Amino acid sequence: MPLLHPTNRFVLLLVLSGAIVSLSPARAAAQTNAPVIELTIDPPKLVLGRTPHAEVTAVIKGVESHRSADIHIDFAVNTGELTEHQQITPTTVKARYIPPTDYFPQYAIVSAKAQVGDQTVRNWIVVPLWGVGEVTVKSLPLSMVTLKVGDESFGPFKANRRGRVKIPIVVPPGIRTGTVGKQVIDLKVPRFNRIAVLPEQRTLVAGDRERTRIYFYIVDETGRPVPDARLDIRANRGSLSSVREINRGVYMSEFLPPDEIGNGTASVVAQLEDDDASQRTIAFSIGSGAPAEVDIQLTPEEFVAGTAEPIELSFRVTDTQGHPTRAELDIQTDIGRLGTAQLVEQGHYRTTLTLPDSFAGRNRATLTIATGPENQPVHRQVSIPLRPSAPASVQISTLSQPVAGDGRTTVYIPVAVQDEFGNPVTRPVLAASCTSGAVPDRIEATDGQYVIPFTPPKVDGPEHAELTVKIDEVVSSMAIELIRPGYRLAITPQVGYLTNFSRLHSPLFLAEADVGLFDLLPGLHVYIDAGYYFSKKELNTVDARAALYALPLSGLVGYQLAINSRLSLTGAVGAGAVFLWNRTTITDGATIADRATVFAFPAMVGVNYKLGPGALTARIRYLYAKATDIEELQGQIGGVALIVGYRYALL
């Protein structure tokens, strides 16, 4: 019985010239100068055992030079193996083809895909693999036997005494029989795999709703593309769309990855329904996507000065589906020192933050974490409360001047509490007491500061009150000098602008003296001021210029309300007189001069801000004054003024 040994006896022969079938779905695109991929194999002849490999070259053509850096080429083959991919030029990639260990005649389907920027181009070639082996033929004893396979003849070979002879032959793929005379010899050629599979991507993201395309290249036993192939595809995880033919011999299905990472893999098996030998499996790596969320845990969640241990930072990075994912973390802090981030497991990182005991005025440390791709960065910011240690010192602010012992006017005394590292302490309650006068027993910090309101006793002469402050075990004291209350004289030079918004516009210069009457009513003041202003304008009725010179003098009674130790409000009303001179100059040189004294009724509101030994003042004054005996001055001498000055206490 003739027999062609199917395994380990065939020598593989690749014939390139005139035998390779190139089937390019991108031919039409090539005619429009779109990118195309060309495939070649070298050497054209490969003999198993003598030439163990061939070189596959993929060249991208029709690519602009500035886009060549964006090219990526991937290969697939139905039998054998493609290894050692090398980027020769930006548009050329080579790979080594290792033939299969099954040496029977068959076809190699080499497919390639190139990603050129945002375009994908594909091509495939069918390479005949020739098998070389032996066939045992039975004939007459000692006869000469010639075997014809296709267009080739092998022999004659002499049969042995039992009529058997072994004939070495070379068999191209697609031929399954030979002849000896009129006798047909079955070469026993096994069926070969006629499917090559090439996916768009081999690494997928679990839960991704974007489908990836899988391309199937199918030929018949003669190496020709198969139309209307009955292809059965199955996925062990995820889901597949139905198969559709997109070109002769080229089929496509879309694969949706599973929702969970699982064991990190998924596979798709493709098989021709009428050929068990035509089966191909493609394995996908299922992983997580780009970072989309960073969760941070702190242990402990706050830092107390004097703590020896650093804060443990734990970062968990997940993608849009909530799967842990690897990431490059950029961690920054505005205070302290960060350790090196260590990977614990997929998506889980740990590091430490060592903080100084002195916070330099801060009450929080800020961590900023950045990760993810440049086009979709992920940012996260976390604040760590910084707590001082136990109180170590208490500083009572010294008063700049003695306190008037009137029994009514409250003085506000700032107190600073610090721990041993100089950090402000504001959480404990401050206990205060005084030998005379009144202070609250317990004081809490407001806006990060302790302020003790001290109401002095009423005294008839110089005295002292001892203020004592205690917080935990820390005690501090200060002597407060008390003096007999009386009149306090202050001088305030001022400058401003006076206008009645129609006929009067003039600078205003004032000198003000005020006396505080603390014995009568806290905050009551008497003001006496004198000033000067002038105004010049053209007269519409005659060809002349008029000049008004005025000296206002007034007395006011008002009230000064203390808001805090620095800020106070002032309001006052009064009466006075305006001494004025009106001088009109005619074009011909004649001068008309008038004098008048006008009663005035001023009012004033303003603010005072303590600065240095005195206080800055800003006031709005209203002066009601009207000249009744000089007709040209009707309604011109009264108005509203905005003035500023500096109030300096003399006594």
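Does Asp-514 count as buried or exposed? At 0% relative accessibility, Asp-514 counts as buried, where buried means under 20% relative accessible area, exposed means over 50%, and partly exposed lies in between, computed with a 1.4 Å probe on protein chains only.

The model is a predicted one, in which local features need pLDDT of at least 70 and side-chain atom pairs count only at pLDDT 80 or more, whereas totals for chains, interfaces and linings use all residues. Residues are numbered from 1 along each chain as its sequence is written, and side-chain values use heavy atoms, with hydrogens and water left out.

**Salt bridges**

A salt bridge is taken as a side-chain nitrogen of Lys or Arg within 4 Å of a carboxyl oxygen of Asp or Glu, and by this rule the count comes to 20. Three of these pairs are listed below with the distance between their closest N and O atoms.

| Pair | Closest N and O atoms |
|---|---|
| Arg-230 and Glu-273 | 3.0 Å |
| Arg-316 and Glu-345 | 3.8 Å |
| Arg-647 and Asp-514 | 2.9 Å |

Arg-647 lies in strand β48 (residues 639–649) and Asp-514 in strand β42, so this pair ties together parts that are 133 residues apart in sequence; strands here are DSSP runs (E, at least two residues), numbered from the N terminus. Arg-647, at 13% relative accessibility, counts as buried. Strand β42 spans residues 505–517 and also holds Gly-516, which is buried at 0% relative accessibility and has its C-alpha 8.5 Å from that of Ala-490, a residue 26 positions away in sequence.

Arg-230, by contrast, is exposed, with a relative accessible area of 60%, while Glu-273 is partly exposed at 46%. For the remaining pair in the table, Arg-316 is partly exposed at 37% and Glu-345 is partly exposed at 44%.

**Strand pairing**

Two strands are said to pair if DSSP finds at least two bridges between them. An open sheet of three strands has the order β33-β35-β38 with antiparallel pairing, and its edge strands, β33 (391–396) and β38 (450–454), each pair on one side only. Five bridges join β33 to β35 (residues 411–419), and Pro-391 stands opposite Asp-419 in β35.

Elsewhere, strands β6 (residues 81–89) and β7 (residues 92–98) run antiparallel and are joined by six bridges, with a hairpin connecting β6 to β7 through two residues. The bridge partner of Glu-81 is Ile-98 in β7.

Key: Helix = DSSP H or I, 4+ residues; strand = E, 2+ residues; numbered from the N terminus.
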